[in-house]
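Trainee: I have a new structure open and would like to learn how to read it. Could we go through it together, one question at a time?

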Amino acid sequence: MPPNLRPTPFKKLSECQDRQCVKTIVNEYLMSLMNGDYRHVNEELDAEDENEKVVANSYVFTEELVLAAMMNEIDLDLIYEDLQSRLGEEHPIILFLRHLMEES
């Protein structure tokens, strides 16, 4: 699929049925962040769809993201700034990430 037509990791969060799917999305996001290839990461993310599934998957995404970042020694502040610029202040991922960072 051409890069501009691939669904973004965040759009796919609403489609995940299990933790492994969410882990795949975390890995896709981190790879794009580390290699600077943002072609398939849409900056016009739709944060209005906050149904229960998206919120639940956002929580799992954030848990897995923090774990993967720690294992790979990726600065959480860098991740937070990047996601905040894409998602805004009130997206569940940002809220969960901010909470986890404040606890540690």
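Mentor: Happy to! Let us begin with a term: a salt bridge is a side-chain nitrogen of Lys or Arg within 4 Å of a carboxyl oxygen of Asp or Glu. Keep in mind that this is a predicted model, where local features need pLDDT of at least 70, side-chain atom pairs count only at pLDDT 80 or more, and totals for chains, interfaces and linings use all residues. Residues are numbered from 1 along each chain as its sequence is written, and side-chain values use heavy atoms, with hydrogens and water left out.

Trainee: What is the N to O distance in the salt bridge of R19 and E63?
Mentor: First find the two partners: R19 sits in helix 2 (residues 19–35) and E63 in helix 3 (residues 52–71), 44 residues apart. Helices here are DSSP runs (H or I, at least four residues) and strands are runs of E (at least two), numbered from the N terminus. The side chains of R19 and E63 form a salt bridge with an N to O distance of 3.1 Å.

Trainee: Is E64 buried or exposed?
Mentor: We need cut-offs here: buried means under 20% relative accessible area, exposed over 50%, and partly exposed in between (1.4 Å probe, protein chains only). R19, at 40%, counts as partly exposed, and E63, at 29%, is partly exposed as well. E64 has a relative accessibility of 9%, so E64 counts as buried.

Trainee: What separates D82 and R86 in helix 4?
Mentor: D82 forms a salt bridge with R86, with the closest N and O atoms 3.0 Å apart. Both D82 and R86 are buried. They are four residues apart in helix 4 (residues 76–87), so the separation is about one helical turn.

Trainee: Which residues does T62 touch, leaving aside those up to four places away in sequence?
Mentor: T62 is in helix 3 and counts as buried, at 1% relative accessibility. A contact means heavy atoms within 4.5 Å. The C-alpha atoms of T62 and L100 are separated by 8.6 Å, although the two residues are 38 apart along the chain. The residues that T62 touches are I93, F96, L97 and L100.

Trainee: Is helix 4 roughly parallel or roughly antiparallel to helix 5?
Mentor: Axes are lines fitted to C-alpha atoms, for helices over the stretch in contact, and angles run from 0 to 180 degrees between N-to-C directions. The axes of helix 4 and helix 5 (residues 92–103) come within 10 Å and cross at roughly 155 degrees. Angles under 35 degrees count as roughly parallel, over 145 as roughly antiparallel, 65 to 115 as roughly perpendicular and the rest as oblique. That makes helix 4 and helix 5 roughly antiparallel.

Trainee: What pattern does the protein chain follow along the sequence?
Mentor: The protein chain has five helices and zero strands. Of its 104 residues, 38% are buried. Read along the sequence, the pattern is α-α-α-α-α.
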